[in-house]
Amino acid sequence: QVQLVESGGGLVQPGGSLRLSCAGSGFTFSMFDMSWYRQAPGKERELVARLFNTDGSTNYAESVKDRFTISRDNAQSTVYLQMNSLEPEDTAVYYCNGLSRYSGRSYWGQGTQVTVSS
C-alpha cells in the first residue's frame, strides 16, 4: 500500500538547522509533485515548499524563502527539506505530500514534529 514516512524532526535552538526526509513507497514517486506542509498549534495547515515533478521548479512560502530548500531523489523515492536559520515560528508538525497532476491522487505522511526553542 501507499506510504509516506517522514523523519528528521526534533528540538533545535533558534538559528539551528534540520534536514527532514520523506520516503515514499507503493506508488510511482517520480510522477508526483512533492511538497512539505506544516501545522502549528492553533493554526491551519500551510504549504511550506513544493517541488514539481515535470521540470523541478519550486514554490516556497514567503516566510521560509532563503532559509529552506526542497529537493528530491527519485531513485530513492525520497524528498527532503533542508531548514536553516530556524526560528521559533517554524515550530510545527511537518507533513509530506505527494500529488499526481495526471490522476489527481494525493497522499499524506503522518508528520514529524519540529520544535525551535531555547
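Visitor: What makes the four strands an open sheet, and in which order do they lie?

Guide: In this predicted model, the four strands follow the order 1-3-8-7 with antiparallel pairing. The sheet is called open, and its edges are strand 1 (3-7) and strand 7 (68-73), each of which pairs on one side only. From one strand to the next, the twist averages 15°.

Visitor: How do you know that strand 7 and strand 8 pair?

Guide: Pairing requires at least two bridges between two strands, and six bridges join strand 7 to strand 8 (residues 78-83), so the two count as paired.

Visitor: Why is D55 called exposed?

Guide: The cut-off for exposed is over 50% relative accessible area, and D55 has 58%, so D55 counts as exposed. D55 lies in the loop between strand 5 (46-51) and strand 6 (58-60).

Visitor: What makes the pair of D55 and S57 a polar contact?

Guide: The limit for such a pair of N or O atoms is 3.5 Å, and the side chains of D55 and S57 come to 2.8 Å, so the distance falls within that limit.

Visitor: Which residues touch the most other members of the largest nonpolar core?

Guide: That core holds 27 residues, and W36, V48, F68, V79, L81, M83 and Y94 touch the most other members. Elements that give two or more residues to this core include strand 3 (18-25), strand 4 (33-39) and strand 9 (92-99). Leaving aside residues up to four places away in sequence, L81 touches W36, V48, F68 and Y94, among others.

Conventions:
Residues are numbered from 1 along each chain as its sequence is written. This is a predicted model: local features need pLDDT of at least 70, side-chain atom pairs count only at pLDDT 80 or more; totals for chains, interfaces and linings use all residues. Side-chain values use heavy atoms; hydrogens and water are left out. Axes are lines fitted to C-alpha atoms, for helices over the stretch in contact, and angles run from 0 to 180 degrees between N-to-C directions. Buried means under 20% relative accessible area, exposed over 50%, partly exposed in between (1.4 Å probe, protein chains only). A polar contact is a pair of N or O atoms within 3.5 Å; within protein, one must be able to donate a hydrogen and the other to accept it, and residues adjacent in sequence count only if both atoms are side-chain atoms. A nonpolar core is a set of buried Ala, Val, Leu, Ile, Met, Phe, Trp, Tyr and Cys residues joined through side-chain atoms within 4.5 Å. Contact means heavy atoms within 4.5 Å.
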